[in-house]
Amino acid sequence: MYDLTAFQRDLLYVIADQDEPHGLAIKDELEEYYEKEIHHGRLYPNLDEIVDKGLVEKGELDRRTNYYTITARGHRELEARRKWEDQYVSGFLSESK
């Protein structure tokens, strides 16, 4: 996961949270989070890259629409990332409550 951009990690989080989202559903979630438009030229190449890395699988709903699912490797990578983050911020976050 260390070789992913922050945007690609965010794609993984969004895909993991949804049941076979299509590209526009992923785009909508990220636009809400980033509070700005996500262009297709940014979204789809990054989706293809995380597919190529084996973190996400791409399926076809119809000729124009693909869906995405997180792979077992993607789940392991997300879990490892969360553990890594927690070692640095869990104490800080519990203190700030």
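**Exercise 1. Find the helix that holds Val-51, then decide whether Val-51 is buried, partly exposed or exposed.**

Solution. Keep in mind that you're looking at a predicted model.
- Next, take its relative accessible area, which is 22%.
- Now the cut-offs: buried is under 20%, exposed is over 50%, and partly exposed falls in between.
- Since Val-51 has 22%, it is partly exposed.

While you're there, how far apart are Val-51 and Gly-74 in sequence and in space? Along the sequence the separation is 23 residues, and from C-alpha to C-alpha it is 9.8 Å.

**Exercise 2. Work out the order of helices and strands in the chain.**

Solution. 
- Count the elements: the chain has four helices and two strands.
- Then read from the N terminus, and you get α-α-α-β-β-α.
- For the overall dimensions, the C-alpha atoms fill a box of roughly 50 × 30 × 25 Å along the principal axes.
- As for burial, 32% of the 97 residues count as buried.

**Exercise 3. Check the span of helix H1 against the expected value, and list its buried residues.**

Solution. 
- The buried residues of H1 are Phe-7, Gln-8, Arg-9, Asp-10, Leu-11, Leu-12, Val-14 and Ile-15.

**Exercise 4. Which residues make up the negative patch on the surface, and which helix gives the most to it?**

Solution. 
- Pick out the members: Asp-17, Asp-28, Glu-29, Glu-32 and Glu-35 gather there.
- Helix H2, residues 23–34, gives the most, with three residues.
- Zoom in on Asp-28, which lies in H2.
- Because its relative accessibility is 47%, Asp-28 counts as partly exposed.

**Exercise 5. Which residues form the nonpolar surface patch, and is Phe-92 buried or exposed?**

Solution. 
- Trp-84, Tyr-88, Val-89, Phe-92 and Leu-93 make this patch, with an area of about 550 Å².
- Phe-92 belongs to helix H4, residues 72–95.
- Its relative accessibility is 55%, so Phe-92 counts as exposed.

How values were computed
Residues are numbered from 1 along each chain as its sequence is written. This is a predicted model: local features need pLDDT of at least 70, side-chain atom pairs count only at pLDDT 80 or more; totals for chains, interfaces and linings use all residues. Side-chain values use heavy atoms; hydrogens and water are left out. The expected span of a helix is 1.5 Å times one less than its number of residues. Buried means under 20% relative accessible area, exposed over 50%, partly exposed in between (1.4 Å probe, protein chains only). Patches are made of residues with over 30% relative accessible area and no salt bridge: like charges are joined within 9 Å, nonpolar side chains (Val, Leu, Ile, Met, Phe, Trp, Tyr) within 5 Å. Accessible areas come from the Shrake-Rupley method with a 1.4 Å probe; for residues, only the protein chains shown count as cover. A salt bridge is a side-chain nitrogen of Lys or Arg within 4 Å of a carboxyl oxygen of Asp or Glu. Lys and Arg count as positive and Asp and Glu as negative; His and the chain ends are not counted. The place of a charge is taken as NZ of Lys, CZ of Arg, CG of Asp or CD of Glu.
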